[in-house]
Amino acid sequence: MIAEFTAAVVAKCCDTQEQQVQLASAGVIQPLINLLHSGHIKVQEAALDALATLCRENSELGEIIIHSKPFNSNQLTTATMLDFVKDKCSNMRLIAATCLTNLYRTGVFTEPFNEIILVVLPALVKLLKDTSGDIQERAPLVLADLVKDSEDMQKAAYDADAISRLSELLASASAKQNEEDAEELFGVPGVGSVAKRKEKIRENSLIAIAAASLLKEECRTQAIESKVLPHVVSALQSKYPHVRLAACQCAKSLSRSVSNLRTNLVDAGVAEPLLKLLYDESIVIQAAACGAVCNLTLDFSPMKKSVIDSGAIDRFVEYAKSDNPKLKLNGVWALNSLLYKANLQAKQSVMKVLTFDTLLELLHEPDPAVQEQALEIVRNLVCGQQEDIEYVIDGIGKDDLLDVLESKLQVISNMGLEGEDSNTMTSVKKKRKAY
């Protein structure tokens with residue numbers, strides 16, 4: 001029991017990398033490795049949890065852990081963890097999967113570690129249906145960590161039917177049930193109110209769907225076909241801020257697809273609640289909603305007119321002038337998307353609110369990402385007919401426009417990017433398709 005409590009304390013004292021290093025320097029890793037072979041399930045769970053927290057986003061400690069062995073065995077710690085992923089106890093399986101996910105995220109597996117796809121991912125998908133304890137709250141977040149920013153892992157999630165299972169979990173948590181049925185579906189009393197647990201499951205399921213569908217079209221299609229959109233729209237209107245934020249992230253991922261924008265998103269009515277969230281009491285949610293709306297304002301989107309008619313231009317300009325870096329970037333990005341392939345009348349409507357003076361200020365912003373979007377605004381403004389070009393030259397001024405272009409070209413030249421024009425253009429085209 002003392003060992004269990006000690007490991008639990010270690011797990012709670014690793015919030016920062018500095019704390020992780022201090023604990024590792026004190027020699028906690030080897031005793032924790034030894035506890036994995038103690039034979040006592042609670043002690044093993046506590047040790048796994050501590051190791052998972054120690055190696056989170058810390059490749060140096062991750063390296064130490066994967067090459068460690070217990071004092072009485074030659075078995076590598078990763079092999080021990082994989083055994084725990086197959087354990088009959090669902091909480092043990094989840095903690096072991098969490099530890100291996102954190103190690104995978106640090107990049108310490110230099111050789112192909114197929115067990116992540118063959119063992120860990122299927123275990124997490126299976127745990128989405130486990131109603132014991134708080135498993136359904138925690139498993140989606142671990143799954144999100146495992147697949148985020150990786151096309152290969154998102155493809156593996158698609159093959160494992162993970163998105164369909166997440167969609168089912170989201171649907172169950174979103175459905176209205178009487179208290180007795182809800183307790184049966186979402187665990188036993190005593191772990192928190194059923195209502196709060198359902199909302200936590202909704203939030204985490206949305207986060208996982210957003211992560212799993214960010215990069216690959218087939219993943220987005222799987223989510224759409226699993227009828228996830230009505231639940232996303234409902235979550236955008238939740239009274240819980242964290243659920244609204246997760247729904248914005250999910251809407252942003254799903255709206256990266258042109259085909260889905262033209263059909264399913266329109267039918268689901270995702271635009272209206274997103275536009276309302278531009279005025280949410282939380283600045284974080286405002287920024288997230290604006291990020292999602294960026295994809296709705298592109299020229300190919302049938303929702304572009306709805307965005308313009310809602311008065312969103314004024315809001316985007318407010319964001320572009322904000323001191324909040326995320327709001328500023330998303331506001332400028334949304335204006336940029338709005339101007340893509342726009343006619344002169346639409347350009348004049350935007351610039352009447354934004355003004356060319358403000359555009360010049362944005363072109364000289366310290367943040368390179370804001371500068372990039374401001375430059376793309378200039379490009380979108382001049383694209384078109386001769387009158388479009390004349391409109392911009394008259395608005396900015398010929399000398400000021402040339403000075404801006406010259407200064408930006410000098411920056412690119414100094415960065416040594418002259419030979420990367422084709423790569424740069426490819427990158428720009430990708431960004432134009434979706435945010």
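**Salt bridges and surface charge**

Guide: The structure holds 21 salt bridges. Please bear in mind that this is a predicted model.

Visitor: What is the general idea behind such a pairing?

Guide: Side chains of opposite charge can pair when their charged atoms come close. In this structure, Arg 244 forms a salt bridge with Asp 280, with the closest N and O atoms 2.9 Å apart. Arg 244 belongs to helix 16 (residues 241–254) and Asp 280 to the loop between helix 19 (271–276) and helix 20 (283–296), so the pair ties together parts that are 36 residues apart in sequence.

Visitor: Is Arg 244 buried or exposed, and is Asp 280 buried or exposed?

Guide: Buried means under 20% relative accessible area. Arg 244 counts as buried because its relative accessibility is 8%, and Asp 280 is buried with a relative accessible area of 10%.

Visitor: Which residue forms a salt bridge with Asp 130?

Guide: The partner of Asp 130 is Arg 93, and their closest N and O atoms are 3.7 Å apart. Asp 130 lies in the loop between helix 8 (115–127) and helix 9 (135–147), while Arg 93 lies in helix 7 (residues 90–106), so this pair ties together parts that are 37 residues apart in sequence. Both Asp 130 and Arg 93 are buried.

Visitor: Where do Glu 45 and Lys 42 lie?

Guide: Both are found in helix 4 (residues 41–54), three residues apart, which is about one turn of the helix. Glu 45 forms a salt bridge with Lys 42, their closest N and O atoms being 3.9 Å apart. Glu 45 counts as buried because its relative accessibility is 6%.

Visitor: Which residues are linked in a network of salt bridges?

Guide: One such network links Arg 56, Asp 145 and Lys 148.

Visitor: Which residues gather in a patch of negative charge on the surface?

Guide: Asp 399, Asp 400, Asp 403 and Glu 406 form such a patch. Asp 403 has its place in helix 28 (residues 398–414). With 47% relative accessibility, Asp 403 counts as partly exposed, because that class lies between the limits of 20% for buried and 50% for exposed.

Visitor: How many positive and negative side chains does the protein have?

Guide: There are 46 positive and 58 negative side chains, and the centres of the two sets lie 4 Å apart. Of its 435 residues, 49% count as buried.

How values were computed:
Residues are numbered from 1 along each chain as its sequence is written. This is a predicted model: local features need pLDDT of at least 70, side-chain atom pairs count only at pLDDT 80 or more; totals for chains, interfaces and linings use all residues. Side-chain values use heavy atoms; hydrogens and water are left out. Patches are made of residues with over 30% relative accessible area and no salt bridge: like charges are joined within 9 Å, nonpolar side chains (Val, Leu, Ile, Met, Phe, Trp, Tyr) within 5 Å. Accessible areas come from the Shrake-Rupley method with a 1.4 Å probe; for residues, only the protein chains shown count as cover. A salt bridge is a side-chain nitrogen of Lys or Arg within 4 Å of a carboxyl oxygen of Asp or Glu. Lys and Arg count as positive and Asp and Glu as negative; His and the chain ends are not counted. The place of a charge is taken as NZ of Lys, CZ of Arg, CG of Asp or CD of Glu. Helices (H or I, at least four residues) and strands (E, at least two) are DSSP runs, numbered from the N terminus. Buried means under 20% relative accessible area, exposed over 50%, partly exposed in between (1.4 Å probe, protein chains only).
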